[in-house]
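Please look through the structure below, together with its sequence.

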Amino acid sequence: MKEGRDGSKSTSVSSLPLILDIDDFKGDFSFDALFGNLVNELLPSFQEEETDSSEGGGIHDGLPNGHSRIPSDAAAKAAAQGGAGLTTSPLFPEVDALLNLFKDSCRELIDLRQQVDSKLLNLKKEVSVQDSKHRKTLSELEKGVDGLFDSFARLDSRISSVGQTAAKIGDHLQSADSQRETASQTIELIKYLMEFNSSPGDLIELSPLFSDDSRVAEAASAAQKLRAFAEEDIGRHGMSVPSGMGNATASRGLEVAVANLQDYCNELENRLLSRFDAASQRRELSTMSECAKILSQLEVTDAFLEMGLKGYHFGDLELLSEDFLVAISYLFILYMQFNRGTSAMQHYVRTRPMFMDAEVMNADTMLVLGDQGSQVSPSDVSRGLASLYKEITDTVRKEAATIMAVFPSPNDVMAILVQRVLEERVTALLDKLLVKPSLVNLPPVDQGGLLLYLRILAVAYEKTRELARDLRAVGCGDLDVEGLTESLFVAHKDEYPEHEQASLRQLFNAKMEELRAESQTESSGTIGRSRGASVASSQQQISVTVVTEFVRWNEEAISRCTLFSSLPATLASNVKAVFTCLLDHVSQYITEGLERARDSLNEAAALRERFVLGTSVSRRVAAAAASAAEAAAAAGESSFRSFMVAVQRCASSVAIVQQYFTNSISRLLLPVDGAHAASCEEMATAMSSAEGAAYKGLQQCIETVMAEVERLLSAEQKPTDYRSPEDGMAPDHRPTTACTRVVAYLSRVLEVSFTALEGLNKQAFLTELGTRLHKGLLSHWQKYTFNPSGGLRLKRDITEYGEYVRSFNAPSVDEKFELLGIMANVFIVAPESLATLFEGTPSIRKDAQRFIQLREDYKSAKLASRLSSLWQSSS
């Protein structure tokens with residue numbers, strides 16, 4: 001805000017008009033600051049008056065518009081007086097001045113706004129003009145840039161065309177230079193060829209090139225080219241190089257040149273080899289490298305390699321300097337460029353100490369086989385092979401480091417090295433270790449037999465496969481090391497099944513011989529015993545331990561089958577053959593054991609038959625016969641027990657074989673259709689012979705038991721047992737002595753059968769025995785006469801027998817003895833009650849007829865005629 005025109009402030013606002021500058025609105029504009037600047041000249045006097053009135057202690061009520069506040073009572077009086085004559089001065093007299101100030105300011109602000117709007121309009125017009133000019137300029141620049149790009153494109157196309165033309169010119173020039181160089185070399189070669197073709201054997205008058213030692217490399221290159229050209233020319237014309245130098249003449253062909261060039265190359269090669277050998281001895285790497293470069297242009301022979309490698313063992317890679325390895329590598333690179341390195345690689349592998357040193361081979365044999373003449377064991381062979389193969393792997397690993405550093409094609413060299421290791425070193429050891437035995441003349445069992453060969457074969461095969469995997473890890477190029485390892489054992493694997501089966505047969509036969517020897521030893525110790533006691537003890541019992549040993553042999557054989565058979569079909573075939581051997585051996589062993597146990601039963605039966613006496617003998621003879629019969633009974637009981645033990649062990653042996661088949665064999669046969677079913681059928685067939693022997697033996701056991709039961713009944717049963725006198729005494733309700741002896745015998749002898757037999761076998765045996773016992777008792781009681789007291793005692797015997805046979809758990813036998821108890825009533829009831837006795841059980845009527853005939857009063861009571869009409873009417 002500006003002051004008055006005279007530059008002095010006026011107390012009157014209206015004295016000078018207020019001037020606002022547009023700059024007051026620029027920058028940080030504040031309306032409060034603008035307003036303050038407008039009223040600052042008027043407000044100070046107002047503020048001073050307000051301060052003075054407040055200091056006088058009077059309370060002043062004012063309104064915001066500058067007038068005084070009138071109290072309510074004064075206002076009432078004023079109203080009563082009509083409001084006349086009451087006036088007060090305004091509290092803010094500068095109001096009018098401020099109003100004028102504000103009006104002037106508004107006017108000035110409107111003027112300023114018009115000025116600003118005018119300036120903005122002018123600026124918009126100027127900006128529009130400049131924008132038009134700028135757009136025009138940009139359009140012209142774009143046209144210029146497009147033209148520039150077109151010029152660059154034409155220039156680039158021109159440069160490319162010129163470059164192609166220059167490249168063609170360069171190619172023509174290079175081709176021309178190459179042709180010139182070739183022509184120049186051809187001229188020189190023709191000149192050299194004419195010198196070599198001048199006269200046979202004349203190498204003296206040659207160009208200085210071929211005699212200057214400083215130009216040996218150039219001479220070697222020229223000689224090799226001349227030889228190639230001359231030999232090609234001779235081959236094209238169908239000529240042959242003369243074998244003798246004296247027969248060659250300077251003829252129309254190049255035979256003389258070829259012969260002379262061959263002589264020169266040989267002489268040059270010998271010179272270079274001598275220099276290389278001398279340099280290698282002095283370790284002059286530069287000379288060796290130079291000779292190698294020159295020799296690479298010639299037909300390098302094995303003599304060069306022998307001299308180049310002589311004295312150096314590449315296995316100790318850490319002892320060789322880097323420069324020396326570089327030189328040797330370059331030497332082999334040059335040689336491989338000539339003949340692809342096959343001879344070099346083979347020569348390098350062939351000269352390794354592991355193949356050349358005979359002591360290495362002898363040490364291998366000593367490590368694995370031990371001292372000559374000593375019998376090796378599979379465990380010793382396993383440890384020896386593990387140690388030897390580890391040494392071979394370490395050696396090959398060291399050689400691999402050398403080969404990687406020297407040869408440009410290390411994989412090819414490693415393939416040759418590993419193949420040589422397996423075909424020579426490993427094969428030489430296996431040939432000494434695995435001597436295939438003859439199947440006609442088997443090695444003795446005490447020297448290991450076929451089993452020793454098979455165990456060593458398995459160990460060698462497994463360890464050699466581990467070696468192959470280790471060599472594959474070290475590196476063997478494209479060599480099929482696993483297939484090569486398999487080929488080492490082809491001859492042994494082809495005949496392996498026959499050897500395995502022959503080994504099992506040999507072990508079985510040896511075991512049988514051992515058991516027979518033990519049986520004979522035990523039999524010789526029975527001299528002096530009673531005959532009855534020695535009958536069973538002299539026989540060799542079936543042993544579950546022996547069968548377990550058979551299974552263990554077979555299990556070991558199956559593990560070898562799994563090792564040697566890679567295909568499922570081959571494995572199944574071998575496993576089936578080996579398991580069939582086990583079936584045959586177990587079947588033969590338990591069948592022979594059962595037959596031996598049956599022999600003891602037959603011997604006991606023969607003893608019983610020997611001491612059967614007639615009715616008219618003396619008392620002394622009868623006593624002797626009774627004593628012999630007791631011995632025969634003891635022999636029979638012992639034989640019975642022995643056979644039951646044999647049957648029990650037979651069942652246990654068969655269970656072991658079946659469990660072995662389920663756990664180990666079946667899973668190997670399942671992948672091949674029909675193999676599992678065929679083996680199951682073979683197992684059933686193999687065990688059928690043992691089952692037949694067991695069945696016959698059990699029948700003999702029943703015969704033995706029944707023979708002793710009949711002997712006890714005949715010896716102990718008295719006629720008075722069932723026909724006691726009617727003396728008024730109370731009847732005896734105890735079983736008869738014969739019954740007690742028989743039941744005691746059965747309880748004692750059949751105790752072993754309850755544990756030896758199981759399942760259906762046990763049920764069938766006891767049912768048959770119970771039926772035979774029932775039949776035997778019926779036959780026995782037919783010899784006696786019964787009175788009512790005897791009938792009661794018979795009924796007591798039947799009850800005793802019935803209680804015992806109830807332990808057989810045979811319902812049919814229990815029913816038979818229950819019917820016996822019913823039939824015994826025919827001796828107890830009165831004659832007139834016999835008709836009603838069988839009304840509920842007509843099935844026993846036939847046996848009852850025979851029983852009734854045994855009644856003491858059968859004739860006196862005329863029961864025959866009385867019952868005949870009853871049987872006829874009921875029938």
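Glu-832 counts as exposed, at 58% relative accessibility; exposed means over 50% relative accessible area, buried under 20% and partly exposed in between, with a 1.4 Å probe and protein chains only. Its place is the loop between helix 28 and helix 29 (845–852). The model is predicted, so local features need pLDDT of at least 70 and side-chain atom pairs pLDDT 80 or more, while totals for chains, interfaces and linings use all residues. Residues are numbered from 1 along each chain as its sequence is written, and side-chain values use heavy atoms, without hydrogens and water.

Another loop, between helix 27 (788–805) and helix 28 (811–823), holds Asn-809. This residue is exposed as well, with a relative accessible area of 61%. Asn-809 is not a glycine, yet its phi is positive, near 55°.

Helices here are DSSP runs of H or I with at least four residues, numbered from the N terminus. Helix 4 (residues 95–196) has 102 residues and spans 140 Å from first to last C-alpha, close to the expected 152 Å, which is 1.5 Å times one less than the number of residues. Its buried residues include Leu-98, Leu-101 and Phe-196.

Helix 20 (residues 544–564) packs against helix 21 (residues 568–610) at about 170°, their axes 10 Å apart. The two are therefore roughly antiparallel, a term for angles over 145 degrees. Their contact has 14 nonpolar, four polar and no charged residues.

Terms used:
Axes are lines fitted to C-alpha atoms, for helices over the stretch in contact, and angles run from 0 to 180 degrees between N-to-C directions. Angles under 35 degrees count as roughly parallel, over 145 as roughly antiparallel, 65 to 115 as roughly perpendicular and the rest as oblique. Ala, Val, Leu, Ile, Met, Phe, Trp, Tyr, Cys and Pro count as nonpolar, Asp, Glu, Lys and Arg as charged, and the others, Gly among them, as polar.
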